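Okay, thanks for coming, everyone.

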Amino acid sequence: MTENVSIVAESATRIFADLADPQTINRAKDAAWKAPLWQALTDAGLTLAWVPEALGGSDAGLAEGFEVIDVAGRFAASVPLVETLLAGWLLSQGGIASPGGPMTIAPGRPSDTIGLNASGKLSGRARGIPFAQDCEHIAVLASGAEGASIALVETKNCRVTPGANPAGDASNEVLFADTPAVEWRPASAGFDRTAMLLMGGVARSVQTAGALGAVLRMSVAYANDRVAFERPIAKFQAIQHSLAQLAGEVAAAVAASGSAADAIAHMQSFDDQIFLEAASAKIRSAEAAEKGAAIAHQVHGAIGFTNEHILHRFTLRMLAWRDDFGNESHWAVELGRKVAAGGADAFWPLLASR
Amino acid sequence: MTAQLEFDPIRLPPECEALRREVRAFLAEEIAAGTFDPDRPMHGDMHNTEFSKRVGAKGWIGLTWPKKYGGHERTFLERYVVTEEFRIANAPVRQYFVADRQSGPILLKYAPEHIKMDILPRICRGEVCFVIGMSEPNSGSDLFAAKTKATKADGGWRINGNKIWTSNAHIADYMIGLFRTSPSTKENRRHGLTQFLVDLKTDGITINPIYQMTGQHDFNEVVFDNVFIPDDCVLGEIDGAWKQATSELAYERSGPERFLETFYVLTALIRALGSEPDLRSAEGLGRLVAQAHALRRMSVSVAGMLQAGKEPVVEGSLVKDLGTIWEQKLPARVRELAAFLEPDVGNRATLDEQLAFAMTIAPKLTIQGGTTEVLRGIIARGLGLR
Ligand SMILES: Cc1cc2nc3c(=O)[nH]c(=O)nc-3n(C[C@H](O)[C@H](O)[C@H](O)COP(=O)(O)OP(=O)(O)OC[C@H]3O[C@@H](n4cnc5c(N)ncnc54)[C@H](O)[C@@H]3O)c2cc1C
């Protein structure tokens with residue numbers, strides 16, 4: 001995201017380039033590449049970058065964690081790295097240590113609630129939980145008698161319905177039916193489901209911006225390479241202008257998500273300003289994903305519609321990510337309501353405060 | 001591609017927020033005194049010399065320029081804050097806006113010392129108005145087709161030809177004009193144009209009004225009939241103006257004025273919707289807010305690049321392309337969202353009046369200062385496509 005890429009982001013880039021090259025993965029017959037990748041990410045301390053050392057993590061810092069997510073987006077890798085980062089972060093909010101291994105986080109849809117009773121049993125339904133079937137643990141934000149609580153749950157104690165998002169990554173309905181928590185704690189004051197969804201939403205925005213950047217580079221390279229009517233299609237003004245628009249979408253997603261990530265990395269609490277930053281990032285990056293994917297496919301022609309080409313690894317994921325942690329319609333309604341409740345005279349001051 | 005797109009999350013430092021409070025207090029006083037009405041950009045004259053002098057006295061023109069020339073040696077981020085607050089208030093900045101944004105910086109870079117000492121302090125005091133003399137009847141997007149001729153004469157140059165669409169020429173003191181000093185060459189069709197400082201009171205200049213479709217008179221035709229310009233008014237390299245254009249465009253294209261020109265309809269919509277909008281209105285409003293926030297964060301980021309001494313031509317073009325299209329569509333979106341409002345909600349009349357005006361001026365937003373198509377060409381070049 002910035003010129004001074006951290007060591008953490010550099011090591012993430014190296015690991016993905018070595019072990020999760022999109023071209024190689026796309027040709028792979030099985031998922032054997034996943035284990036060494038996950039091992040390398042774990043060894044480098046990237047999976048638990050948002051967990052303090054005392055709770056079993058590498059405490060790399062929020063900003064650095066977002067850089068890792070940006071890199072994960074650029075490679076569109078189908079491993080639960082972002083989900084594990086988020087789960088570790090959520091557990092830390094409750095002072096719960098992170099177990100090793102891949103984790104995911106629930107709920108992932110604003111309309112789903114999971115209850116927690118006094119004896120630490122969870123019940124409720126969470127739809128669209130990314131990678132649930134591939135993870136040993138789920139970090140849950142539940143509501144109990146005393147408000148929001150954070151719980152660590154073993155996936156094997158939940159009922160997980162097999163499923164996948166359009167990109168083929170596991171996306172599951174998870175049923176909690178008197179499911180015992182391994183550990184549970186009340187969330188700190190002011191931390192609630194909205195805060196958790198905003199954090200997840202910003203993570204998806206940063207990931208989307210990373211993927212969009214890759215899609216732009218790929219599309220520019222293809223346009224310079226592909227010849228039609230005896231010249232590279234990049235020489236046609238229609239193509240140039242389409243790609244300029246793609247660049248605009250990338251720029252908007254990069255700016256909005258980078259700003260929101262920076263805001264969260266430096267925040268005191270999830271206040272109205274963070275809400276504006278985070279909700280806007282999710283809305284704008286989702287819109288960019290839709291428009292950007294369409295342009296990239298148009299420029300690639302039929303080859304981009306094949307399984308063999310890697311374009312779909314990026315486009316389908318960024319389209320699928322729109323639905324996680326609140327889609328753009330959800331956040332637009334929430335943001336619109338918030339702004340309306342604040343009143344016309346408070347609107348510009350709110351925008352200008354960022 | 002030259003580089004990957006980066007928009008660092010620049011935050012405005014505390015001195016900017018202190019300045020913002022001062023600017024808001026000043027504007028509130030001017031509004032209270034009846035200098036202008038922020039809700040009625042369609043009425044009132046955007047040109048107000050007395051107001052400009054008061055802004056100059058505050059030290060808010062030439063904010064980033066050296067003190068030696070009347071400037072204040074403050075940052076581009078502070079300038080950003082002043083610009084956006086004045087824009088949001090619909091304040092009458094016409095007298096000094098172009099000089100502050102681009103003419104002054106050109107003079108700073110290319111004018112001889114005595115001219116800088118003469119003119120820049122007057123710009124800073126809000127006393128002089130500058131115009132941009134680029135477009136001609138047969139040279140718009142294709143700037144390098146300009147034909148208005150500067151011929152060498154004793155001690156200076158003689159200008160013949162005409163400029164068109166020259167905003168504010170009828171109220172202005174100076175033009176920075178682009179004139180042909182040599183034919184273009186086979187190798188370089190951009191060769192042969194030179195920038196000049198023109199005193200618009202010089203003999204031989206005729207300014208003819210051109211009325212716009214809004215009924216307003218902003219732009220003009222400026223006719224040059226053997227107009228003499230002394231040698232010291234040549235700005236930069238003779239025949240080499242094309243080399244000087246890039247930084248000017250970065251200044252011109254990335255500012256908050258490039259997405260906030262119709263912003264008032266959004267504020268009015270929020271007022272009209274009230275505190276509990278229905279689902280449809282809330283979603284529509286939320287999407288507009290997200291866009292506005294994203295554009296502003298991009299634009300602040302570009303101000304940070306300018307402050308760091310970069311020439312963010314591609315980034316500036318991206319902001320202007322997205323920003324002008326957004327501000328152009330904004331009245332249409334607001335109109336849709338207001339469609340089912342009660343006819344007699346408090347500010348309905350103001351909203352309707354503003355919408356009518358914003359819709360009328362909307363077409364110009366993606367033409368002035370470089371069309372959408374021209375911007376996309378620049379972006380495509382930056383991407384390595386041409
Ligand atoms: C309100 C307003 C104020 C202005 N003020 C000033 C001023 O103060 N000073 C000044 O010098 N000028 C001014 N202009 C002029 C402005 O800079 C030009 O209008 C603009 O550069 C476009 O030129 P044009 O009008 O000649 O259109 P043209 O260049 O003729 O373009 C017509 C259409 O063709 C498209 N087009 C042109 N070339 C290409 C290409 N290569 N590829 C694809 N499409 C192309 C354009 O994008 C446009 O859609 C002003 C314009 C407006 C509307």
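Predicted model: local features only at pLDDT ≥ 70, side-chain atom pairs only at ≥ 80, totals over all residues.

Residues are numbered from 1 along each chain as its sequence is written, chains are lettered from A and ligands numbered from 1 in the order written, and side-chain values use heavy atoms, leaving out hydrogens and water.

So, which residues come closest to the ligand? There are 15 around it, and the closest are Gln237(A), Ser141(B), Trp165(B), Thr371(B) and Glu373(B); to count, a residue needs a heavy atom within 4 Å. Chains A and B both give residues here, so the site is shared between chains. Within chain B, domain 2 (132–241) and domain 3 (254–382) both contribute to the shell, so the ligand lies between them; those bounds come from an automatic or database domain assignment.

Now the polar contacts, meaning N or O pairs within 3.5 Å. The side chain of Gln237(A) puts an N or O atom 2.7 Å from a ligand nitrogen. On chain B, a polar side-chain atom of Thr371(B) is 2.7 Å from a ligand oxygen, and the side chain of Glu373(B) has an N or O atom 2.7 Å from an oxygen of the ligand. The protein covers 64% of the 970 Å² of accessible area that the ligand has on its own, by Shrake-Rupley with a 1.4 Å probe. By class, the shell has 5 nonpolar, 8 polar and 2 charged residues, with Asp, Glu, Lys and Arg as charged, Ala, Val, Leu, Ile, Met, Phe, Trp, Tyr, Cys and Pro as nonpolar, and the others, Gly among them, as polar.

Next, the backbone. Most residues other than glycine have a negative phi, and most peptide bonds are trans. Ala76(A), though not a glycine, has a positive phi of about 45°. You'll find Ala76(A) in the loop between helix H4 (62–75) and helix H5 (81–93) of chain A; helices are DSSP runs of H or I with at least four residues, strands are E runs of at least two, and both are numbered from the N terminus. Then there's a cis peptide bond between Ala106(A) and Pro107(A), omega about 0°. Pro107(A) sits in the loop between strand S1 (103–106) and strand S2 (114–116) of chain A.

Technical notes:
Polar contact = N/O pair within 3.5 Å; in protein donor to acceptor, adjacent residues only side chain to side chain.
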